[in-house]
Amino acid sequence: MTKRKSAYAVPDRASIKKRPGSRLNPANAAKPEEEADRIKASFTKRLFEKPVKDGYRDFYTASEPYKHAVIQPLIDDSLLRNVRKEILNNLHFTRKETDIYRIHQSGDLANLSGLSPTALKLLPSVLQLRNAMYSKQFRDYISEATNCGPLSGKKTDMAINVYTRGCHLLCHDDVIGSRRVSYILYLTDPDDQWKPQWGGSLRLYPTILMDDGRSRVPSAEWSKVISPAWNQLTFFAVQPGESFHDVEEVFEDGKVRMAISGWFHIPQEGEEGYIEGEEEKLAEKSSLQQLQSKSDKYDLPQPNTKYYDTADAENETIMVEDNDGDDESFSEADCEFLLKYISPAYLTPDTLEAISDELSANFSIQLTNFLSKKYAAKVKAYIEARDGSKGDTKEKQEAEGWKVAVPPHKQRFLYLQDMPLEVKETGKGKGKQEAPEENPIQEIISQLFPSKPFRKLLHLATGMKLSCHDLLARRFRRGLDYTLATGWEADPSNPQEGDVKIEVCLGLTPSKRWDSEVEDGDDDDEEEEEEEEEEGGKKRGNLASKGNGKGKVPVPPKETGPFSNDGAGVGGYEMYMAGDGDDGESEDEEGEKDQKFGGKMGKKSDPAIYKSAANDEDDGAVFTMGAIWNRLSIVLRDGGLLKFVKYVSQAAEGDRWDIVGGWGTVNEGDDGDDDEEEGDEGEKENGDEERDDTGDGDDGEEWNGIQN
């Protein structure tokens, strides 16, 4: 994918020649005393005086929830004003969006010295600031304040990030590669003091020590809020599993939260304090690797898998059935049960055949108006009585069984599981026991989705034998909730487990004006279609008439201003995307800068990133379902796909509500009488050979979860 560069491309340091007049030319280098005075003059007066230094060190030592400090002012005011002016007048910004952030970002500022003399004339103050920040004097200042050890002057790492309305950065700990200290220097408007209610604050999360005595997990909510301010530096040592923080969404239209963000790194080879192998050890503790690992011991919710006719389910719930449910048609009892919940249009043989054909061709489908009109009205009444109402308190949510999904560096949302309802004592003497009435959402995950008739519907639609299910109702609250990109892999130790998982999502979001993957007028059209479908059940089901979700990712148009958010939307969509793909582009400094918040370094695409482009290039997304009312998606997922739900903006008109389920499949193997050639083909179809997850197979029939 072609990346948009900054206004002036920054070459590798190795390619920079020593030009006459350049500071890289020894003949033009300043004397050490002159250089030291010039560096100190770049900072605010008295910064390097001992009482001031001691004060910041003491502040850092006593700070909570983990050690950090705030210096204000840091830079000489006139210099920083010139820096801001040069940035606004001469640098280009690109809006970038991933599962974890939405920002406007400049190119890498690390190698400004490599610019041509003409370009450097436009950015003299920016260059002076960069040199001051990574000077030995200031590196020693930060090292002493944090007691973190020596810092590299060879490896500089900084970029200008701009947050406008809707921009955000979700919870992470910054632990990538050789980073030792994180910092943010704010360049907000010096003549318009930033107000906390505009958002954009840096928020620090406390961590909880787990019962193993070693693991720390961030709390669901932050405990320290640091609002942006002109000429304010916030910094902290990068600590694996502890330095969790996020950047609050910016709420105010027209306000620009500009900051220079970067890292001081451990000493590099040849520098004082260099330790061979230290960077590799730090990489093992990367927060991205933690996200990708299978360690979910302290995650909530924990899996609640229920198996069918499985004798060896390792203490999981077992659901014993009289038969395997592979009948090719619904019984009268099946239909009677399903019609309590589902539109009759989806139970006709023609519709089921059409669904099966679509899944065979594209491995995904969306079914509009899935719930019957009567049951949908019941669900909508339940949701609208809560979403945005004053009585929708944490206490009421907890009383109804809603819990918070954690940890926040992976996910945060409210959830309900298919668990036995807590029995409470009622009456004056508290002697009468009574279970609370199931709400209509709980009923779907405890009655409809686990039922044998619904499993039969999935079998008829997919042709696959089902082995188990895990169900969850979710509520993504405005200004709070999301999931980050995670993968799924079949258990290689269980040869009976299929390498395909059937994933279902029932969208139950009644509010309007969500992102562009839902076309204008969808909701109204679907309500009209619902009335038609209810009349006798004769109308054929609407099989993804608005598309199967591909290519519906909000893509920003060409920017109309330096920090335009046109077309960015309010998030809340669920996206499947190809993971571990190589886009074929050489990733230089800017490619590495793309990885700053949660990515892995290297030439392959970051598995946690989809690339929101300013053109029609492929961004890796293969299926998207927005926050929508009464629509069911079915996705046949293999291990090559990642999935996330985008952060829901405070600007959304409501929360995202849905019910999700994953059904395991059975690997039924190949026919024993097949000849060798057919056997080899069967092995390929069942995923026993290594698959090309990029979808570049010779004949296009190699199983890839979802094909473009």
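## Pro73 and the cis peptide bonds

Pro73 sits in the loop between E1 and H3, where helices (H or I, at least four residues) and strands (E, at least two) are DSSP runs numbered from the N terminus. The bond that joins Gln72 to Pro73 is a cis peptide bond, with omega about -5 degrees. This is a predicted model, so local features need pLDDT of at least 70 and side-chain atom pairs count only at pLDDT 80 or more, while totals for chains, interfaces and linings use all residues. Residues are numbered from 1 along each chain as its sequence is written, and side-chain values use heavy atoms, with hydrogens and water left out.

Gln72 belongs to the loop between strand E1 (69-71) and helix H3 (77-90). With a relative accessible area of 43%, Gln72 is partly exposed; buried means under 20%, exposed over 50%, and partly exposed in between (1.4 Å probe, protein chains only). Tyr186 is 114 residues from Gln72 along the chain, and their C-alpha atoms are separated by 9.9 Å. Another cis peptide bond runs from Leu300 to Pro301, with omega near 5 degrees. Pro301 is in the loop between helix H8 (287-292) and strand E14 (306-308).

Asn231 is not a glycine, yet it has a positive phi of about 60 degrees. Look for Asn231 in the loop between strand E10 (224-226) and strand E11 (233-237); at 2% relative accessibility, it is buried.

Phe363 also has a positive phi, near 65 degrees. It lies between helix H10 (349-362) and strand E16 (364-368), in the loop, and Phe363 is buried with a relative accessible area of 8%.

## Salt bridges

How many salt bridges does a search of the whole structure find? The search gives 35, each being a side-chain nitrogen of Lys or Arg within 4 Å of a carboxyl oxygen of Asp or Glu. One of them pairs Glu400 with Arg386, their closest N and O atoms being 2.7 Å apart. This pair links distant parts of the chain, 14 residues apart: Glu400 in the loop between helix H12 (394-399) and strand E17 (403-404), and Arg386 in the loop between helix H11 (373-384) and H12. Glu400 is partly exposed at 24% relative accessibility, whereas Arg386 is buried at 13%.

The Lys643 pair spans 140 residues, from Glu503 in strand E24 (residues 497-508) to Lys643 in strand E28 (residues 641-645). Both Lys643 and Glu503 are buried, Glu503 with a relative accessible area of 5%. Elsewhere, a network of salt bridges links Lys50, Lys53, Asp54, Arg57 and Glu144.

## Cysteines

The count of disulfides is zero, a disulfide being taken as a pair of cysteine sulfur atoms within 2.5 Å.

Are Cys148 and Cys505 buried or exposed? Cys148 is buried at 16% relative accessibility, and Cys505 is buried with a relative accessible area of 1%. Cys167 is buried as well, at 0%. Cys167 has its place in the loop between strand E4 (158-163) and strand E5 (168-172). Tyr101 is 66 residues from Cys167 in sequence, and 7.2 Å from it in space, C-alpha to C-alpha.
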